[in-house]
Amino acid sequence: MTISLPHNLLDDVAALRSLNAYADDADGDATRIESDICQCDIASIGDTTVVAFRGTRPDHIDDWFADLSFDLIESQSGPGRIHRGFAQSLETVYPEIVRDLDWRDPRRILVTGHSKGGGEAVQCAGRLQYINGREITLTTFGCPRATDRKAARWLHEHIPHRRIVHCADVVTRHPRIGAK
């Protein structure tokens, strides 16, 4: 019997899984997928599978290069343009994410991440929604801007999204992409 995770608990689950993505190893039935510049954990909780991306590791220069590569490129998953560094980072693990999700065959997918991981989560959720009929939700924590306005509007129309920020966090207001 599969339990259905209530919608009011999704933010709590997203927060816990985002924190767990910083751990050295995946826990329980979680799958750790990683490259030099991107890491995510995938875990199932009832009928929901959570894809959680880790943020920037301060001691990894490749993570910083991904953060700072904020020029925009055309999105492959809907209209608008997206943050090049996050797109390139996600591309290093995306095929494995799709394989794992196909294997799990979840009814609902919650994509989440903190900081740089939030930017990767935004792009992952957009790609999954564009090619996938499953229910996708997105929760980010301290996420920098990852798209232009056109792409942001498309995401807003197609994916329920909670963007959680601290009012004094300058990372969430930069880069000034899409501000025009």
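Pro-160 is located in the loop between α6 and β8. In this predicted model, its relative accessibility is 43%, so Pro-160 counts as partly exposed. Beyond its neighbours within four places in sequence, Pro-160 is in contact with Ile-136, Thr-137 and Leu-138. The C-alpha atoms of Pro-160 and Ile-136 lie 7.4 Å apart, although the two residues are separated by 24 positions in sequence.

## Strand β7 and its partners

The residues that Pro-160 contacts include Leu-138, which stands in β7 opposite Val-111. Strands β6 and β7 run parallel and are joined by 7 bridges. On the pairing of β7 with β8 (residues 161-164), there are 4 bridges, again with the strands parallel. Within that pairing, Thr-139 has Arg-162 of β8 as its bridge partner.

Strand β7 is largely enclosed by the rest of the structure, because 6 of its 7 residues are buried. Together, β7, α6 and β8 make a right-handed β-α-β unit.

## The largest nonpolar core

The largest nonpolar core has 27 residues, of which Val-51, Phe-53, Ile-97, Val-111, Cys-124 and Leu-128 touch the most other members. At least two residues of this core come from each of β2 (39-45), β3, α3 (84-91), α4 (94-104), β6 (108-114), α5 (116-131), β7 (135-141) and α6 (149-158). Helix α5 supplies the largest share, 5 residues. In soluble globular proteins, nonpolar side chains tend to be buried together.

Apart from neighbours within four places in sequence, Cys-124 is in contact with Phe-53, Leu-90, Tyr-94, Ile-97 and Val-111. Val-111 also stands opposite Leu-138 in β7.

Strand β1 (residues 31-34) is joined to β2 by 4 bridges, and the two strands run antiparallel. They form a hairpin with 4 residues between them, in which Glu-34 stands opposite Gln-39 of β2. Strand β2 also runs antiparallel to β3, through 6 bridges. The hairpin of β2 and β3 has 2 residues between the strands, and Gly-46 takes a positive phi near 65 degrees there. Of the 7 residues of β2, 5 are buried, so this strand is largely enclosed by the rest of the structure.

Thr-49 belongs to strand β3 (residues 48-53) and stands opposite Ser-44. The side chains of Thr-49 and Ser-44 also make a polar contact, at 3.1 Å. With a relative accessible area of 2%, Thr-49 is buried. Residues up to four places away in sequence aside, Thr-49 touches Ile-42, Ala-43, Ser-44, Leu-101, Arg-104, Pro-106, Arg-108, Ile-109 and Leu-110.

Most residues other than glycine have a negative phi, and most peptide bonds are trans. Asp-105, which is not a glycine, has a positive phi of about 50 degrees. This residue is found in the loop between α4 and β6. Its relative accessibility is 54%, so Asp-105 counts as exposed.

Ser-115 is a further non-glycine residue with a positive phi, near 55 degrees. Its position is in the loop between β6 and α5. In contrast to the exposed Asp-105, Ser-115 counts as buried, at 17% relative accessibility.

## Overall organisation

The protein contains 6 helices and 8 strands. Read from the N terminus, its elements follow the order α-β-β-β-α-β-β-α-α-β-α-β-α-β. Of its 180 residues, 53% count as buried. Among contacts between residues at least 6 apart in sequence, 67% join residues at least 24 apart.

## Confidence of the model

The mean pLDDT of the protein is 77, with 68% of the residues reaching 70 or more. Confidence is highest in α4, at a mean of 94, and lowest in helix α1 (residues 10-20), at 61. Over residues 169-173, pLDDT stays under 50, and the model has 15 contacts beyond four places in sequence for this stretch. Where pLDDT is low, the predicted coordinates should not be read in detail.

Methods: Residues are numbered from 1 along each chain as its sequence is written. This is a predicted model: local features need pLDDT of at least 70, side-chain atom pairs count only at pLDDT 80 or more; totals for chains, interfaces and linings use all residues. Side-chain values use heavy atoms; hydrogens and water are left out. Buried means under 20% relative accessible area, exposed over 50%, partly exposed in between (1.4 Å probe, protein chains only). A polar contact is a pair of N or O atoms within 3.5 Å; within protein, one must be able to donate a hydrogen and the other to accept it, and residues adjacent in sequence count only if both atoms are side-chain atoms. Contact means heavy atoms within 4.5 Å. A nonpolar core is a set of buried Ala, Val, Leu, Ile, Met, Phe, Trp, Tyr and Cys residues joined through side-chain atoms within 4.5 Å. pLDDT is the predictor's confidence in each residue, from 0 to 100. Two strands pair if DSSP finds at least two bridges between them. A crossover is right-handed if, with the strands pointing away from the viewer, the path from the first strand over the helix to the second runs clockwise.
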